[in-house]
Amino acid sequence: MEVDDGNESKPSASPVAFSSVFDPSNRIGFFKSAFAFASQMAADIFDDNQEDKMENKILSLLDDIKKRKREKKDESEEEEDAENKRLRTSEADTKKPSHDDPSPPNKNNGLDMKNYSWSQTLGDVMVQVPVPFGTKKKVVICDIKNTSLRVGVKGQPLLIDGELFQAVKVCESYWILEDNETVTILLSKCNPWEWWKSVVKGDRGIDTSRCEPGLRRLDGLGYEGERHMRKLLFDYGQKCKGLPTSDNCPEVLQKFIVHHPYLNLPQSE
């Protein structure tokens, strides 16, 4: 008589071959096939509870691989963005004009600056400094010295304060307040045959090789207007020094014209 011990032996499974081929371009697909194969084989070996645990571990491992892949991609993109930003910044710094690089002169052989504009002929330099509208002459600071210039309004920071590019003749240099909003300064060069790169040393300069000789015109005044303005500047300078003007003593103006023909002053009648 045969005794049944209650344990049925499972029939042995026939060997199954793993046929998936590893493709470097599809690594995740290969691992999925491998884990699926392992899971199927485990089903014939372990009970249902062990099979579920293995499946969860396989899925967790796959998620971990995907997560690391995403993190690596994000890090690579961040590094690429940082490198591109560095290159853009480097290019911007390279293209940024240097303070030492000369600028092309304006049509009057000078330059338009932040606080003032200036122009020049071979004989003189004219500086125009805007001041608040309604400014009175008594509050204007305009200190012209042989090698320095200070311009501004009392109680406010100076608009020009520095060493002149070249020496000037103080006795032949003048300033005037136009329309209570512009200080116009005429500086007579000691060396009338040299172009100035800037009014004040240290300010942005011009490329003097591009300067063109000729009479400078004051914007909007025309030829006769310029001559009249220069006469006014001359008379104003004479008054400031307590000397006779062209109206009181025409000979003074005539003598001045002989020594400064480039100033385009009108002949007295």
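**Exercise 1.** Classify Cys-171 as buried, partly exposed or exposed.

*Solution.* The classes rest on relative accessible area: buried is under 20%, exposed over 50%, and partly exposed in between, with a 1.4 Å probe and protein chains only. Cys-171 has a relative accessibility of 47% and is therefore partly exposed. The model is predicted, so local features need pLDDT of at least 70 and side-chain atom pairs pLDDT 80 or more, while totals for chains, interfaces and linings use all residues. Residues are numbered from 1 along each chain as its sequence is written, and side-chain values use heavy atoms, without hydrogens and water.

**Exercise 2.** Determine how many disulfides the model contains.

*Solution.* A disulfide is a pair of cysteine sulfur atoms within 2.5 Å. By this rule the count is zero. For Cys-171, the nearest cysteine sulfur belongs to Cys-190, 8.8 Å away. Cys-190 is likewise in no disulfide; its relative accessible area of 37% makes Cys-190 partly exposed.

**Exercise 3.** Describe the surroundings and pairing of strand S7.

*Solution.* Strands (E, at least two residues) are DSSP runs, numbered from the N terminus. Strand S7 covers residues 174-178; four of its five residues are buried, so S7 is largely enclosed by the rest of the structure. Two strands pair if DSSP finds at least two bridges between them. Five bridges join S7 to the antiparallel strand S8 (residues 182-188), and Ile-176 stands opposite Thr-184 in S8. The two strands form a hairpin with three residues between them, where Asp-179 in the turn has a positive phi of about 55°.
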